[in-house]
Amino acid sequence: MPSPDLILRHTNLPDGRTNQDVAVTDGRIIAVESHLQGTGAQEVDCQGYLLSPHFVDPHFHMDATLSYGLPRINESGTLLEGIAVWGELKPTLKADAIIERALTYCDWAVAKGLLAIRSHVDTSDPSLLAVNALLEVKKKVAPYIDLQLVAFPQDGVLRTKGGISNLERALDKGVDVVGGIPHFERTMADGAASVKLLCEIAAERGLLVDMHCDESDDPLSRHIETLADETQRLGLQGRVNGSHCTSMHSMDNYYVSKLLPLIAESGVSVIANPLINITLQGRHDTYPKRRGMTRVPELMAAGVNVAFGHDCVMDPWYGMGSADMLEVAHMGLHVAQMTSQKGIRDCFDAVTVNAAKVMHLKGYGLDVGCDASFVLLQARDKIEAIRLRANRLKVWKKGVLLAETPEVVAALQLPNRPPATRFMN
Ligand code: FE2
């Protein structure tokens, strides 16, 4: 074998293998073995830390990010006031400002090892200002982030005059995925009609679908059923995602026992957004207050691919966040009570492999032939990574080092760790 460009020695891998060497040439993984022979042009001793494929955020709103407080703060904290604040901000938006904020966020993302993001972009405005801005951002960040855009009719594709034409024009311009928001249409019937129409548009154009679906506490909001049914009718299995699906938290158990197999059979994936669901849902409750997040472990047990998204960072809906998908996974495991060892590992997968599957990312993973796009975490395994929201020591994209963070000395790890990770000064 010719000398590899890069060898990462002594890594632990997410599948549980320890002390593995990973060799990289021309931006791709060419070998994963213990005690790999030969020498790389460059070598890194990973000291038994976890090497993971990079983080993936399958649900985000990059056109709104970092706009917190513009033009005012969402005082009630509800989804609906967030939509109202965004509506007040939209007429004053400038493309340059959207691009600037998005690029700042992308810098944060790279530092956190987050190298693929699916962002919804609001298509309700006929000028498509935000669409044009994010298409520009997509081009600018392409060398380091896979930015996939979803045409998202925030104000309802049927509820907004010209909603369908605006969405189709966004797709014509190169937006990748068809979005929707059936629970925000004026009636349940309009919501179902919007799902049917949008899935037909996706089928005709050969595109993926990702709808905000049933983002409410209303147990009778059942658009996920229509989405799964339309997926089967149009042969879109494996190409459709339902985002949020928070109403499922409040649905009747009998109905859910019928719904889960339908979602699984349809190959529809589901994205929960733990940080946002736990803060936006349950706002009409007194006590007890519902958590609002969809039924993550039950969906996983039924064979549905479930991923976690960040959804919002410092925008009209959420004033917190830092592009840290381990924080998302950490909240997800708490809200879903996924505290078993398997449950915690599943939460790590929800921000890596499961999310990559939703986005249909090519070359993702740690197998030979995959892109050498990964993050070295200051943690030994997936469980410790989530517990510590572990430091990102190094982030590579196709073999190129993009970001580094110094090792934390007092790393709060258990005592039988190598000296470098222990408090020594
Ligand atoms: Fe969203």
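Ala, Val, Leu, Ile, Met, Phe, Trp, Tyr, Cys and Pro are counted here as nonpolar, Asp, Glu, Lys and Arg as charged, and the others, Gly among them, as polar. The model is predicted, so local features need pLDDT of at least 70 and side-chain atom pairs count only at pLDDT 80 or more, while totals for chains, interfaces and linings use all residues. Residues are numbered from 1 along each chain as its sequence is written, and side-chain values use heavy atoms, with hydrogens and water left out.

**Iron site**

The iron ion has as protein donors His 59 (NE2), His 61 (NE2), His 212 (NE2) and Asp 311 (OD), at 2.2 to 2.5 Å. Donors are N, O and S atoms within 2.8 Å of the metal (3.2 Å for Na, K and Ca); water is not among the atoms, so sites may look incomplete. Because the 4 donor atoms subtend angles of 85 to 175 degrees, the arrangement is irregular. Four donors count as tetrahedral if all angles lie between 85 and 135 degrees; four count as square planar and six as octahedral if opposite donors are over 155 degrees apart and all others between 65 and 115; anything else is irregular.

Along the sequence the donor residues follow the spacing H-x1-H-x150-H-x98-D. His 61 sits in the loop between strand E6 (55-60) and helix H1 (79-89), and Asp 311 in the loop between strand E13 (306-308) and helix H11 (325-335), so that the pair, 250 residues apart, links distant parts of the chain. Helices (H or I, at least four residues) and strands (E, at least two) are DSSP runs numbered from the N terminus.

**Sheet**

An open sheet of 8 strands runs in the order E6-E7-E8-E9-E10-E11-E12-E13 with parallel pairing. E6 and E13 are the edge strands, each with a single partner, so one side of each has no neighbour in the sheet. Strands pair if DSSP finds at least two bridges between them. Strand E11 (residues 240-244) and strand E12 (residues 269-272) run parallel and are joined by 3 bridges. Asn 241 is opposite Ser 269 in E12.

**Cavities and pockets**

On a 1 Å grid over the protein atoms alone, a cavity is a set of points where a 1.4 Å probe fits but cannot get out, and a pocket is an open set with protein on both sides within 12 Å along at least five of seven lines; lining residues have an atom within 4 Å of a point. Grid points are joined across faces, edges and corners, and a volume is the space filled by probe spheres set on the points. The structure holds 2 cavities of 30 Å³ or more.

| Space | Volume | Lining residues by class |
|---|---|---|
| Largest cavity | about 100 Å³ | 8 nonpolar, 4 polar, 2 charged |
| Second largest cavity | about 30 Å³ | 4 nonpolar, 2 polar, 2 charged |
| Largest pocket | about 400 Å³ | 8 nonpolar, 9 polar, 6 charged |
| Second largest pocket | about 270 Å³ | 5 nonpolar, 6 polar, 5 charged |

Of the 14 residues lining the largest cavity, His 61, Leu 79, His 212, Glu 215 and Trp 317 lie nearest its centre. H1 and helix H9 (274-280) each supply at least two residues of that lining. The lining of the second largest cavity includes His 61, Asp 63 and Trp 317.

The largest pocket has 23 lining residues, with Leu 79, Leu 80, Glu 215, Ser 216 and Asp 217 closest to its centre. H1 gives the largest share of this lining, 3 residues. In the second largest pocket, lined by 16 residues, the closest to the centre are Gln 148, Met 359, His 360, Leu 361 and Lys 362.
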